Amino acid sequence: MNDLYHGSAAKGIRTLEAGSLLHGTQQRVVYLTDSLAYALFYLWDEAHVGWPQKHVTAWVEAGLAQYEEQFAGQLEAFYRGASGWLYRVEPGPLARPVEGREGMFYVPEGTAVAEARFIPDVYEALAEQERLGRLKVWRFAQRTPQEREELTGRVARHLAANGLFEGRQEAGFFQRYFPEAWEQALRLDRP
């Protein structure tokens, strides 16, 4: 197994603690990836974007990190000027693959950091990964009109299904970054 990576806005981590819930369980784990390009997407700068939860539309397929923009310029809007720390850990016997998620692993307990690297501009680091052929970006603007309409509709249905996140911080995030989907969601039936 290759080196594993974890991205965080937090500086100075020496041991990555098991703080995330393993999908579908109550078990606390540390999530890791063997794709440096994919790990960069977790360098979410909450102050930069204006929302604490990560909105990551990325995955790994056939060993290649992929990113889907859901609105024109999403990659740059979320990551230009954002910064954070990329932590490398050496794979150990406790690292297990995440079911149904290529390139994702977890460990059930804290794991020592082997190396930390500051990323001053995540967008520039992602652009470099794209130039090196380690990242494929599915840009919204390069999609067909039908594909753009389908993506916007998918986000609108998500918003409607969640009651437009009424009274929650998510509402402002989606209004700011997804105005077309927001307007479409207002016209949809909501629960």
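**Ground rules and confidence**

Residues are numbered from 1 along each chain as its sequence is written. This is a predicted model, in which local features need pLDDT of at least 70, side-chain atom pairs count only at pLDDT 80 or more, and totals for chains, interfaces and linings use all residues, while side-chain values use heavy atoms, with hydrogens and water left out.

The pLDDT is the predictor's confidence in each residue, from 0 to 100. Its average over the chain is 90, and 97% of the residues score at least 70. Helix H2 (residues 46–49) has the lowest confidence in the chain, with a mean of 74, and helix H4 (residues 122–131) has the highest, at 98. Where pLDDT is low, the predicted coordinates should not be read in detail. Helices (H or I, at least four residues) and strands (E, at least two) are DSSP runs, numbered from the N terminus.

Let's start with H4. Its buried residues are Val122, Tyr123, Ala125, Leu126, Ala127 and Gln129, where buried means under 20% relative accessible area, exposed over 50% and partly exposed in between (1.4 Å probe, protein chains only). Among the elements covering these residues are helix H1 (36–40), helix H3 (74–79), strand E11 (115–119) and strand E12 (135–138). Just after H4 comes Gly133, with a positive phi of about 80°.

**Where H5 meets H7**

Helix H5 (residues 145–161) packs against helix H7 (residues 179–186) at an angle of about 55°, and their axes are 8 Å apart. Therefore H5 is oblique to H7. (Axes are lines fitted to C-alpha atoms, for helices over the stretch in contact, and angles run from 0 to 180 degrees between N-to-C directions; under 35 degrees counts as roughly parallel, over 145 as roughly antiparallel, 65 to 115 as roughly perpendicular and the rest as oblique.)

On the H5 side, Thr152, Gly153, Val155, Ala156, Leu159 and Ala160 meet Glu180, Ala181, Trp182, Gln184 and Ala185 of H7. Thr152 of H5 is in contact (heavy atoms within 4.5 Å) with Phe140, Glu180, Ala181 and Gln184, setting aside residues up to four places away in sequence.

| Residue | Element | Relative accessible area |
|---|---|---|
| Glu68 | strand E6 | 13% |
| Ala58 | strand E5 | 7% |
| Thr152 | helix H5 | 9% |
| Met104 | strand E9 | 7% |

What does the side chain of Glu68 make a polar contact with? The partner is the side chain of Arg154, at 2.6 Å. (A polar contact is a pair of N or O atoms within 3.5 Å; within protein, one must be able to donate a hydrogen and the other to accept it, and residues adjacent in sequence count only if both atoms are side-chain atoms.) Beyond four places in sequence, Glu68 also touches residues including Trp59, Trp138 and Arg143.

Ala58 and Tyr38 are 20 residues apart along the chain, with 7.1 Å between their C-alpha atoms. Apart from neighbours within four places, Ala58 is in contact with Tyr38, Phe41, Gln66, Tyr67 and Arg101.
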